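Good morning, and thank you for joining.

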Amino acid sequence: MRIDIITVSPELIQSPFEYSILKRAQDKGLAQIHFHSLRDYAINKYGKIDDYQFGGGAGMVLMMEPIDKCISKLMKERQYDEIIYMTPDAKTLDQSAANQLSSKENLIILTGHYKGVDQRIRDKFVTLELSIGDYVLSGGELAAAVLCDAVIRLIPGVLGDETSALTDSFQDNLLAPPVYTRPADYKGMKVPDILLSGNFPKIEEWRHQEAIKRTNLIRPDLLKIDEKDEN
Ligand code: 6GU
């Protein structure tokens, strides 16, 4: 998978890609990440990329021309499966969207700043708009990093068996069950007996029940999604 990230602040988003699973995915050749600084497409030699909004109001808006030039150049080079715009005024990223995106070949991710981008960019180029939750960040860069992490770890071959995504929270609309490691007794705080029993079918059943309990308590809305799917 190739991901082209268009941003005002490449330096703000690069470091998550230099560590751990995102780095390993790139080292294995399973993901290629390219950063594009909007400043390189500025409309003048002073690096202008934004302007006041028509109709008045606080906050600068990213202009058409720099983004148009950057996206158009990329689109001449290859076919993109999705052109994604990260913005709080969009539907929320979830595991199902991450799953779908993980099978794509070429993605562009555009991150906003200030008041966002001129609406005409969204109308002309953007095929998918995503938020990462109901709160406002200073820019879309961190949200883009979150999206990339959620998607790249699902590309086949990125995770080894030991970190398989199949048992993650949300893969079945359930939160993950509790986990424990040694020692079995820490200052009198004991690990549930069932986990030490060696009875693996029973352990799986216990984990499933715990996942349901936890989901019911903390995120009952996820269980309702299941009901919706069945209808
Ligand atoms: Cl994608 N961008 C910004 N600026 N804030 C957000 C967001 C995105 N998702 C949640 N909050």
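**An aromatic pair, a helix and a serine**

Phe17 is buried, at a relative accessible area of 4%; buried means under 20%, exposed over 50% and partly exposed in between, with a 1.4 Å probe and protein chains only. This is a predicted model, in which local features need pLDDT of at least 70 and side-chain atom pairs pLDDT 80 or more, while totals for chains, interfaces and linings use all residues. Residues are numbered from 1 along each chain as its sequence is written, and side-chain values use heavy atoms, without hydrogens and water.

Phe35, at 25%, is partly exposed. One aromatic pair is found in the whole structure (ring centres of Phe, Tyr or Trp, its six-membered ring, within 6.5 Å; planes under 30 degrees apart are stacked, over 60 edge-to-face, the rest tilted). The centres of the Phe17 and Phe35 rings are 5.6 Å apart and their planes stand at 70 degrees, so the pair is edge-to-face. Because Phe17 lies in the loop between α1 and α2 and Phe35 in strand β2, the pair ties together parts 18 residues apart in sequence.

Next, helix α6 covers residues 141–152 (helices are DSSP runs of H or I, at least four residues; strands, of E, at least two; both numbered from the N terminus). Nine of the twelve residues in α6 are buried, among them Leu147 and Cys148.

Finally, Ser131 in strand β7 is buried, at 4%. Its contacts (heavy atoms within 4.5 Å), leaving aside neighbours within four places in sequence, include Thr87 and Leu93.

Terms used: Expected span 1.5 Å × (residues − 1).
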